[in-house]
Amino acid sequence: MPIKHLDAYLQARNLPQTLPLSALADSRLGIDAAYYISMLLTSPTTREPLLAATGGLPLALSSHIESDLRALDKARIKPVFVFPGLPCSSGNKRKGTPPNISQEWNEQIRDRREAWSRYENGKEDEASGLWEGRDGLTGISGRQWELWRGILRVFRHRNVEFMIAPYAAGPQLIYLARHQKSYIHSIYGPTDLLLYPSQIHQPNSPTTNLITSLNLHSNSPTFTFVSKRALIQSLSSLSPPPNPEVTEDQFLDIGILLGFTTSGGLDVPSFAPVIHEQALKATTDMVKYFKSGHAAVQAYSEHPAVKSVSYGETFARTRSMIKYSLILSSEGAVTPLPLTGTPHPHLTASDIPQDLHEIFTGRLPDEIYFYLSRGLIGPQGLGWLVQSLVIEPPPLDNGETTEFRRFVKEVITEGQTGPRATALALLTSVLHVSWGKRMVNSSFWFSDTPGSIKYQAGPTTQLVERVTGWIVPYSIIEEELRRQNSATIDFALCLGSTASDRLAFRTKTAPTKEKQAGAVLEKKDEVVANVIWRFLELRGFLLNTHAHSPLARAMHTAVKGAKVNDKFQDSLYLFLELVRAGVMHGNLWSNRAFSGGPSFGTDAEKSSMLLVMRVLSIVPLAFKPQPWTTAPLSRELLVFNSFVRSLTRALRTLIEITAVNMFIRGDARRGREDFLELSISMPFQSEVNTGFGVLAKVYLDALTHFNGGVRPTSGDSPEVKEAKSNALEVCEDAFGGSVRNVQQEVERGFRFWDLALLAMRQLHSEAQVLKELIDQFEAAEAWLAPMRP
């Protein structure tokens with residue numbers, strides 16, 4: 001991201017140059033995706049300030065991206081987006097959360113807590129200002145990868161080129177620009193890209209001129225760029241005569257000493273002795289005087305603020321990270337950027353430091369980096385392994401309840417059959433044995449004591465070994481598509497294909513001829529189906545015999561009664577996982593009632609309403625592509641949303657690693673072009689917000705209000721029908737500007753409740769749930785029945 005103090009200097013010296021966008025016509029523009037997304041998330045015209053209060057992902061982000069893509073297409077510019085990949089090593093020896101990230105978390109927690117306090121006291125504008133930027137997507141601890149799946153779906157729809165770099169996006173963009181085939185002709189990104197080596201003596205080189213802003217939607221679209229050559233010449237003139245020229249190496253040192261944050265989230269702190277308003281001039285003078293940044297740091301090595309943070313090591317690490325950046329070459333190998341040719345054509349492997357693994361990470365097989373580059377897998381699960389650390393940030397509700405802390409620690413992360421431990425076991429089972437011997441710690445925002453993930457434990461490794469039994473050929477899948485009258489590979493098809501002992505046996509005993517021929521899965525549908533089957537067995541929905549467990553029978557029973565267009569499958573699966581984890585109920589969290597919960601009735605009635613709100617909030621509401629602005633907010637549902645989103649992310653990572661495990665084992669054909677299609681065909685594509693639960697509350701509260709402040713006892717009387725009609729009008733007023741067809745969504749919510757209740761009754765029939773829990777659901781059903789629209 002931008003080098004500190006540099007933007008102000010560029011403006012003061014009139015160094016940025018602006019040209020018509022037409023100057024880029026018929027060219028390929030390389031875009032630092034993390035920088036581009038950050039601009040959308042923080043720009044006053046595109047940001048969504050209430051995101052930290054509603055949960056979920058930005059509602060209008062895909063719409064903004066599509067608008068930009070149309071503008072680039074109109075200008076005849078071909079964009080090529082490059083996302084950052086794995087995080088580089090921070091050098092943190094504590095095996096816990098780095099102090100700067102913990103500090104940012106504490107600030108976010110403080111601001112979100114104060115925002116809710118002000119919102120609950122009617123100061124909505126003040127609350128909105130505090131929530132802004134506290135959504136966990138920006139800053140040094142930002143998790144942009146949560147947004148990637150939606151963005152990649154847009155790219156797939158519009159045939160936009162992209163790749164995910166092995167590490168930082170900047171050097172990958174520079175490699176694409178330098179390549180003899182000129183994959184891109186110019187680069188749009190933050191000013192820290194200027195620090196990478198470039199052909200500075202070639203004024204028109206795409207790695208010398210950096211585009212820093214795009215104005216795509218004005219009547220006369222423009223772009224602004226900075227010349228690295230002009231910038232260095234300007235810095236050289238800062239000192240009085242004689243003016244020694246600032247070299248490119250010295251410019252690199254100046255940038256590091258000023259400080260910046262990489263697109264991959266690595267925060268490079270400023271050099272303490274020059275932290276003041278004139279930092280850029282002071283830093284330039286210092287580097288000129290000492291001839292190099294290293295000498296300057298050594299001269300101040302005893303400075304308390306330098307010594308206390310081991311700044312000398314940070315400087316050396318950052319410098320090597322930039323000079324010897326790792327990129328994915330066109331030959332499919334991860335290699336240091338200097339070995340790919342210009343501007344250092346005479347460098348050889350012997351000139352490269354041998355300890356790059358200390359700066360970046362331990363080296364994974366090139367095949368893994370390739371799957372990452374094509375979007376089959378995100379960087380999160382790989383990052384856990386290469387950093388030997390799983391860092392869990394505070395959720396948007398701040399994670400103040402003991403139930404959520406237990407859930408994310410014991411169920412999601414450290415449990416031996418939990419999704420994160422299983423994902424690590426799956427990944428290490430197909431890598432060199434040394435990876436499987438690495439200790440992986442866990443670090444949570446609420447504890448200074450790191451935990452440990454026992455992914456090498458017997459129950460975990462035994463579970464992983466079993467999934468190799470799933471190599472179901474296309475002939476069976478094709479037959480099931482016809483038999484079930486389906487056109488989609490999803491949970492419903494996979495559960496229907498194993499619904500009886502006979503069907504399950506068929507999937508376990510694939511045709512002998514195909515086995516003898518060493519057949520691998522070829523078609524996309526084959527791969528997706530087998531990934532889902534393996535996932536279902538890893539999560540205990542399918543048994544080793546491929547038959548249904550009680551959870552699978554409950555889900556299959558519910559799915560059979562669902563309308564296809566309701567798209568309830570992922571939500572039903574998440575519902576059952578939450579039931580198994582013991583967090584799907586109508587009780588208060590930590591005996592605390594948060595704002596935005598039930599408003600009317602006895603304690604029993606409030607419990608029923610709370611249960612209905614939570615169940616419905618698992619379902620994605622059909623929002624229009626615009627920010628949430630008009631509907632009320634619910635802190636109560638935001639607490640529950642933290643459970644749902646944490647589970648969704650962990651399961652999505654597990655299913656991605658299940659797919660990678662399948663490819664590396666050789667169970668599926670590796671030479672293919674449809675990795676993105678595979679990725680967007682698998683479950684858990686998005687993350688839900690609190691919308692549907694809030695809609696349920698608005699409807700039920702309004703209905704009770706129009707019924708004289710009491711719950712209707714009969715749904716058929718003229719008075720109650722009128723109250724329902726009025727309640728729907730209230731919903732329309734609250735959500736009409738943001739939601740497509742509010743009444744249909746209310747009706748769809750009730751249909752999901754019916755399916756959830758059906759699944760619970762199936763589990764109860766097999767004695768799989770506590771009597772107290774099924775009683776809560778039955779009581780909620782009796783309470784809800786007369787209130788249906």
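These legends accompany close-up views of a predicted model. Local features need pLDDT of at least 70 and side-chain atom pairs count only at pLDDT 80 or more, while totals for chains, interfaces and linings use all residues. Residues are numbered from 1 along each chain as its sequence is written, and side-chain values use heavy atoms, leaving out hydrogens and water.

**View 1. An open sheet of seven strands with mixed pairing.** Follow the order β1-β7-β6-β5-β2-β3-β4; strands (E, at least two residues) and helices (H or I, at least four) are DSSP runs numbered from the N terminus. Pairing here requires at least two DSSP bridges between two strands. From one strand to the next, the twist averages 30 degrees.

**View 2. Strands β2 and β3 run parallel.** Look for six bridges joining β2 (residues 27-32) to β3 (residues 77-83). L29 has P79 in β3 as its bridge partner. Helix α7 (residues 148-158) packs on the sheet and touches β3 and β4, where contact means heavy atoms within 4.5 Å. The direction of α7 makes about 155 degrees with that of β3; axes are lines fitted to C-alpha atoms, for helices over the stretch in contact, and angles run from 0 to 180 degrees between N-to-C directions.

**View 3. Helix α27 packs against helix α33.** The axes of α27 (residues 569-581) and α33 (residues 742-765) lie 11 Å apart, at an angle of about 45 degrees. In α27, S571, L572, F575, L576 and V579 meet F752, L755, A756, A759, M760 and L763 of α33.
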